[in-house]
Amino acid sequence: DVIINKNGEIKFNFAVGYVENKPGFNPDYFVVVDVGISDYITAGVVRASNGEIVEVMEVSQLLKTLENKAKKAHKQISTLQKTHRKEESKPHRESNVNRKRELAIQAAQEVADFAFKWGNATIIVEDLSWIKNTMQNGRWNRGEFIKWLKHFAELNGSRVMNSNAKDTSQKCWKCGSKVTHPTWGTS
């Protein structure tokens with residue numbers, strides 16, 4: 001359609017049709033993702049038939065750099081706020097929010113790409129929606145990561161599903177034995 005509006009401007013309206021051609025997903029493998037505090041994400045491929053871990057995903061240097069910058073900025077903001085310099089911490093906080101958003105997008109892209117390489121394997125993420133105080137660790141942006149992961153995975157034809165988080169950190173991913181956590185951050 002060609003439309004001339006009341007200001008005399010010409011506007012074009014057109015419709016485009018296309019056939020959506022997404023490949024099917026691979027039922028033989030799952031990509032399992034652990035979203036953590038010490039490491040932003042850990043992902044691996046699990047064979048569906050026997051639960052064997054086939055491959056562990058290596059995150060990119062960009063993701064590691066973004067994660068380190070976000071952690072350092074969080075410490076800086078925390079120090080500024082503890083010393084009653086909240087006005088000085090505001091621009092740092094705003095900058096870190098953008099950095100964490102970029103971190104979530106980059107991590108989601110990497111996991112979606114990893115799943116795509118395994119034939120659009122279904123992505124399983126532990127359900128941590130029950131955690132109420134996300135401020136404890138500098139506004140943990142897990143929800144932002146899940147939102148972008150669903151977006152990128154569905155573009156490829158994969159699926160993102162939630163899993164019960166109970167006992168997910170209690171079993172060694174290499175040998176299968178029970179893991180103990182004697183102190184915070186060490187297993």
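What follows is a short chat about a predicted model of a protein chain.

Visitor: What should I know about the model before I start?
Guide: This is a predicted model, with residues numbered from 1 along each chain as its sequence is written; local features need pLDDT of at least 70, side-chain atom pairs count only at pLDDT 80 or more, and totals for chains, interfaces and linings use all residues. Side-chain values use heavy atoms, with hydrogens and water left out.

Visitor: How many helices and strands are in the protein chain?
Guide: The protein chain has 3 helices and 7 strands. Helices (H or I, at least four residues) and strands (E, at least two) are DSSP runs, numbered from the N terminus.

Visitor: And what pattern does the chain follow along the sequence?
Guide: Along the sequence the pattern is β-β-β-β-β-α-α-β-α-β.

Visitor: How much of the chain counts as buried?
Guide: Of the 187 residues, 31% count as buried. Buried means under 20% relative accessible area, exposed means over 50%, and partly exposed is in between (1.4 Å probe, protein chains only).

Visitor: Let's go to helices. How do α2 and α3 cross?
Guide: Their axes come within 8 Å and cross at roughly 35 degrees. The axes are lines fitted to C-alpha atoms, for helices over the stretch in contact, and the angles run from 0 to 180 degrees between N-to-C directions.

Visitor: Left-handed or right-handed?
Guide: The crossing of α2 and α3 is right-handed. A crossing is left-handed if the near helix is turned anticlockwise from the far one by less than a right angle, and right-handed if clockwise.

Visitor: Which residues make the contact?
Guide: On α2 they include Arg 101, Ala 104, Ile 105 and Phe 116, and on α3 they include Glu 144, Phe 145, Trp 148 and Leu 149. Contact means heavy atoms within 4.5 Å.

Visitor: What kinds of residues are in the contact of α2 with α3?
Guide: They divide into 12 nonpolar, 2 polar and 2 charged. Here Ala, Val, Leu, Ile, Met, Phe, Trp, Tyr, Cys and Pro count as nonpolar, Asp, Glu, Lys and Arg as charged, and the others, Gly among them, as polar.

Visitor: Speaking of charge, how many salt bridges are there?
Guide: The count comes to 5 salt bridges. A salt bridge is a side-chain nitrogen of Lys or Arg within 4 Å of a carboxyl oxygen of Asp or Glu.

Visitor: Why can such side chains pair?
Guide: Side chains of opposite charge can pair when their charged atoms come close.

Visitor: What does Lys 147 form a salt bridge with?
Guide: Lys 147 forms one with Glu 144, and the closest N and O atoms are 3.7 Å apart. Both residues lie in helix α3 (residues 142-156), 3 residues apart, about one turn of the helix. Lys 147 is partly exposed at 46%, and Glu 144 is partly exposed at 23%. Arg 101 is linked with Glu 144 and Lys 147 in a network of salt bridges.

Visitor: What is at the other end of the Lys 117 salt bridge?
Guide: That is Asp 113, at 3.4 Å from N to O. Lys 117 counts as exposed at 62% relative accessibility, whereas Asp 113 is partly exposed at 36%.

Visitor: And Glu 52?
Guide: The side chains of Glu 52 and Arg 47 meet in a salt bridge of 2.6 Å, N to O. Glu 52 is partly exposed at 39%, and Arg 47 is partly exposed at 25%.

Visitor: New topic, loops. Where is Asn 141?
Guide: Asn 141 is in the loop between β6 and α3. Asn 141 is buried, with a relative accessible area of 13%.

Visitor: What is Asn 141 in contact with?
Guide: Leaving aside neighbours within four places in sequence, Asn 141 is in contact with Tyr 40, Lys 100, Arg 101 and Ala 104. Asn 141 and Ala 104 are 37 residues apart along the chain, and their C-alpha atoms are separated by 7.4 Å.

Visitor: His 84 has a positive phi. Where is His 84 found?
Guide: His 84 is in the loop between α1 (61-82) and α2. Its phi is near 60 degrees, a positive value in a residue other than glycine.

Visitor: Is Asn 120 buried or exposed?
Guide: Asn 120 is buried, with a relative accessible area of 2%, whereas His 84 counts as exposed at 72%. Asn 120 lies in the loop between α2 and β6 (121-127), and its phi is also near 60 degrees.
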